[in-house]
Amino acid sequence: MVKPRPRKTERGLIPTVIYEEAARRVIDNEESVRKVAKCYGICHVSLNRFVNALRNNLQPKVGYNPYNRVFTVEQESQLVKYCEKTVDLYFGLTTRDLRKRAFQFASANRLNYPQKWNEVEHASEDWLCAFLRRNSHLTHRTPQATSLARAMNFNRENVSNFFNKLATVLERHSFEPQNIYNIDETGVSTVQKPTKVIAKKGTKQVGSIASQERGTLVTLCVAVNAVGNAIPPMFVFPRLHFKDHFIRDGPIGCVGKGNKLWMQENEFLGFMNHFVKHAKPSETNKVLVLLDNHSSHVSISLIEYCRANFITLLSFPPHTSHRLQPLDRGVYGPFKKYFNNCADQWMKNNPGKRMTIYDLPSIVKASLPLATTPSNILSGFSCTGIWPFNREIFQNCDFLPSTVTDRPLETEHENQTELATVKVANLNETQPGPSTPRHTTPSPQPGQSTTRDTTPSPQPGPSTATETTPLPRSQPTAFITPDILKPLPKADHSKSKKGGRMKRKTAILTTHQRRA
């Protein structure tokens with residue numbers, strides 16, 4: 001790979017504005033070129049060339065232009081914008097994709113590029129390194145996998161509906177921040193993700209002990225409020241019958257349930273009993289609970305229990321908890337990191353011993369307080385716009401991934417117009433063509449305009465230049481942009497799927513009767 005050539009002088013780095021000021025002094029004040037160049041600290045030969053270009057009404061150029069550069073500054077900026085757009089849409093380019101787009105861009109615009117690009121049909125690695133060096137704000141990142149459902153459902157309409165309902169309940173009940181809670185579940189496993197260790201350079205594989213190949217999951221339910229406080233968690237063990245010794249070493253005040261699957265209606269109702277004991281809602285101290293649309297959160301028994309205990313339930317839009325839920329934004333990320341660290345320490349302190357589900361409460365006891373700090377909880381509520389209330393917390397760039405699957409809104413009028421157009425087109429295709437000569441004029445129908453009939457027909461004779469109407473010439477573009485070569489991704493909605501399970505929406509669950 002070619003190494004970058006180090007600079008030995010500062011020539012070519014002086015901006016054009018300095019040359020313009022110096023040239024005006026030479027032209028307007030008739031000062032010496034050498035004197036002005038010495039005053040501004042620039043080369044007198046470059047200044048003299050700049051002055052001569054201005055006097056001859058030419059566009060002066062400043063700086064050095066590399067002889068082997070493929071793209072101009074404007075063309076390269078188009079490539080940079082294309083990379084940024086694809087990343088915002090969650091369809092980012094890999095290094096090989098970028099090299100291929102660069103080759104197509106240079107080939108379509110007939111630029112001078114190395115002949116080797118034609119052999120492999122993509123740009124070289126040297127060009128890629130130089131491109132990233134010139135645009136230092138671009139870097140090579142490992143993206144986080146985001147499901148299609150999350151990309152589709154986090155859109156402006158769903159988020160606006162949620163904030164409208166949140167504003168409604170805040171105005172109706174005047175909730176204070178200590179009475180605004182977020183409840184959600186997460187999972188802890190007996191197989192931890194190993195943390196980084198110190199190893200010898202060049203080692204191909206570095207191992208770390210885990211208790212087993214596949215771990216057993218235990219569900220953990222946590223509740224936090226908008227002033228930074230947390231309620232003791234609840235564990236749901238994958239056992240049919242729960243025993244008290246399961247949580248013997250768990251956090252202080254925690255409770256537990258048993259279920260062979262995961263959190264169900266009865267288990268979540270048990271957590272709400274635990275929640276009421278700590279939050280103490282009453283008629284004069286009502287509580288707002290924000291949660292997702294899991295089936296255990298929208299049961300009829302739970303809604304009736306919350307109504308009886310002065311709890312208002314507000315659900316998030318489906319598949320938007322990764323951006324709207326405070327626990328996901330501020331608590332669970334640090335918690336998983338601290339949990340893995342504590343699990344690693346447990347394995348080191350207990351060599352040759354397998355971690356079981358009954359050891360997880362003690363690990364959660366050591367790691368959960370490190371994550372549920374007031375600063376993390378307050379940051380989670382703030383960055384989601386829930387408290388302090390801010391419906392404009394998300395910008396248009398945050399909703400760009402949903403534009404890939406956006407479909408145009410079809411109205412009834414547009415459907416009728418399209419249907420009428422199709423009928424007219426089919427009718428014209430089925431009718432036979434006219435059998436009358438061209439010089440005969442058909443009689444006008446009632447209500448039909450006769451403008452075409454009154455227009456005199458052209459006389460036979462040689463055609464002149466004044467009689468022909470020239471076609472308008474299209475203005476040539478500067479260059480073919482990457483968006484034209486490879487358009488940004490857009491989903492095809494020609495075949496829409498119908499049926500399936502009814503999709504839930506954000507709702508105030510305790511306002512009116514709902515079906516589970």
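Visitor: Why is V222 called buried?
Guide: Buried means under 20% relative accessible area, exposed over 50%, and partly exposed in between (1.4 Å probe, protein chains only). V222 has a relative accessibility of 1%, and it therefore counts as buried.

Visitor: What kind of model do these values come from?
Guide: This is a predicted model, in which local features need pLDDT of at least 70, side-chain atom pairs count only at pLDDT 80 or more, and totals for chains, interfaces and linings use all residues. Residues are numbered from 1 along each chain as its sequence is written, and side-chain values use heavy atoms, with hydrogens and water left out.

Visitor: Which residues does V222 touch?
Guide: A contact means heavy atoms within 4.5 Å. Leaving aside residues up to four places away in sequence, V222 touches N182, I183, D184, P233, F271, L327 and Y332. V222 itself belongs to strand β2, residues 217-225. Helices (H or I, at least four residues) and strands (E, at least two) are DSSP runs, numbered from the N terminus.

Visitor: What makes P351 exposed?
Guide: The relative accessibility of P351 is 67%, so this residue counts as exposed by the cut-off of over 50%. P351 lies in the loop between α14 (332-349) and α15 (360-371).

Visitor: How do you know that H297 is buried?
Guide: The relative accessible area of H297 is 0%, and H297 is therefore buried. H297 is found in the loop between β5 (287-291) and α11 (300-308). Beyond residues up to four places away in sequence, H297 touches E185, F268, L291, D292, L302, L313 and L509.

Visitor: Which residues of α11 are buried?
Guide: The buried residues of α11 are L302, I303 and C306. They lie on the same side of α11, because they cover an arc of only 100° around the axis. The arc is that of the directions from the helix axis to the C-beta atoms. An α-helix has 3.6 residues a turn, so residues three or four places apart point the same way. The buried residues of α11 pack against α10 (265-279) and β6 (311-315).

Visitor: What makes a space a cavity, and how many cavities of 30 Å³ or more are counted?
Guide: On a 1 Å grid over the protein atoms alone, a cavity is a set of points where a 1.4 Å probe fits but cannot get out. Grid points are joined across faces, edges and corners, and a volume is the space filled by probe spheres set on the points. By this rule, there are two cavities of 30 Å³ or more, and the largest cavity has a volume of about 60 Å³.

Visitor: Which residues line the largest cavity?
Guide: Lining residues have an atom within 4 Å of a point. Among those of the largest cavity are Y90, R150, H322 and D398. Both α8 (148-153) and α12 (321-324) supply at least two residues of this lining.

Visitor: How much confidence does the pLDDT give for the protein?
Guide: pLDDT is the predictor's confidence in each residue, from 0 to 100. The mean pLDDT of the protein is 85, and 83% of its residues reach 70 or more. Over residues 411-415, however, the pLDDT is below 50, and this stretch has two contacts beyond near neighbours in sequence. Over residues 417-477 the pLDDT stays under 50, with four contacts beyond four places in sequence. Where pLDDT is low, the predicted coordinates should not be read in detail.

Definitions and conventions: On a 1 Å grid over the protein atoms alone, a cavity is a set of points where a 1.4 Å probe fits but cannot get out, and a pocket is an open set with protein on both sides within 12 Å along at least five of seven lines; lining residues have an atom within 4 Å of a point.
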